[in-house]
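Me: I'd like to go through a structure that is new to me. Could you take me through it step by step?

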Amino acid sequence: MGCGRAGATLAQSLEGHGHSVAVIDQNADAFRRLDADFAGSKVTGLGFDRDTLTQAGIEDAYGFAAVSDGDNSNILAARVVRETFGVANVVARIYDPHRAEIYQRLGIPTVATVRWTADQVLRRLLPMGATAEYSDASGQIVLSQIDVHAGWVGKTLRALEAASGARVAYVTRYGDGLLPTESTVLQESDTVHVLLRTDENDTVERVLTNAPKEEDA
């Protein structure tokens, strides 16, 4: 929902990953932001209106991103999609980062606009494993963002380190960077950034993108 610059970028990124996409916007002129070869559906209407959502194919949707320019519209649409249509993968863009925590407690992942990118929303809809963010000059050490399995939520970051062999460099929580301590526990909204050896990337990704084993609990 929302075909501003961010929404158009996200829609085309999803289509580029091989997904079928429907874009909803109440202003038909907004669809001009999409590339001429965009093959997805363009639905004019309100993103929290059930008939509009049904026309867009919400009943068969894997995920839904509310990225219009209004906080209230985004959160309302996200709740309708999750609670009425049962779509599990929902994310909403929020202009006011101080409200993000409230929405997180409603079970809806949010991204504050100040630090928002289409890639961040895309990762919340379609987890991508490990993505390198920085490498040292030798290429032997890499800083990676890991899409950690939900089964690790509630466990300490030390447990993640012990199981994977990687070192948690920092966590992004509600848009802010957090340096972890020994007692820091992974929360549902956290984005985890780890330091690891390049040759251990596959092992670390396999461990952290799957639910923890009993001995890691």
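Reply: Helices (H or I, at least four residues) and strands (E, at least two) are DSSP runs, numbered from the N terminus. The protein chain has 7 helices and 10 strands. This is a predicted model, in which local features need pLDDT of at least 70 and side-chain atom pairs count only at pLDDT 80 or more, while totals for chains, interfaces and linings use all residues. Residues are numbered from 1 along each chain as its sequence is written, and side-chain values use heavy atoms, with hydrogens and water left out.

Me: Which residues of the largest nonpolar core touch the most other members?

Reply: A nonpolar core is a set of buried Ala, Val, Leu, Ile, Met, Phe, Trp, Tyr and Cys residues joined through side-chain atoms within 4.5 Å, where buried means under 20% relative accessible area (1.4 Å probe, protein chains only). The largest one has 19 residues, and those touching the most other members are Leu53, Ile58, Phe64, Val81, Val90, Ala92 and Ile108.

Me: And which elements give two or more residues to this core?

Reply: Those are β3 (63-66), α3 (71-85) and β4 (89-94), with α3 giving the most, 5 residues. Apart from this core lies another, of 15 residues, including Val142 and Leu208.

Me: Switching to α1, which of its residues are buried?

Reply: In α1, Ala6, Gly7, Ala8, Leu10, Ala11 and Leu14 are buried. Gly18, which follows α1, has a positive phi, near 95 degrees.

Me: How much of the protein chain is made up of buried residues?

Reply: Buried residues make up 41% of the 217 residues in the protein chain.

How values were computed: Buried means under 20% relative accessible area, exposed over 50%, partly exposed in between (1.4 Å probe, protein chains only).
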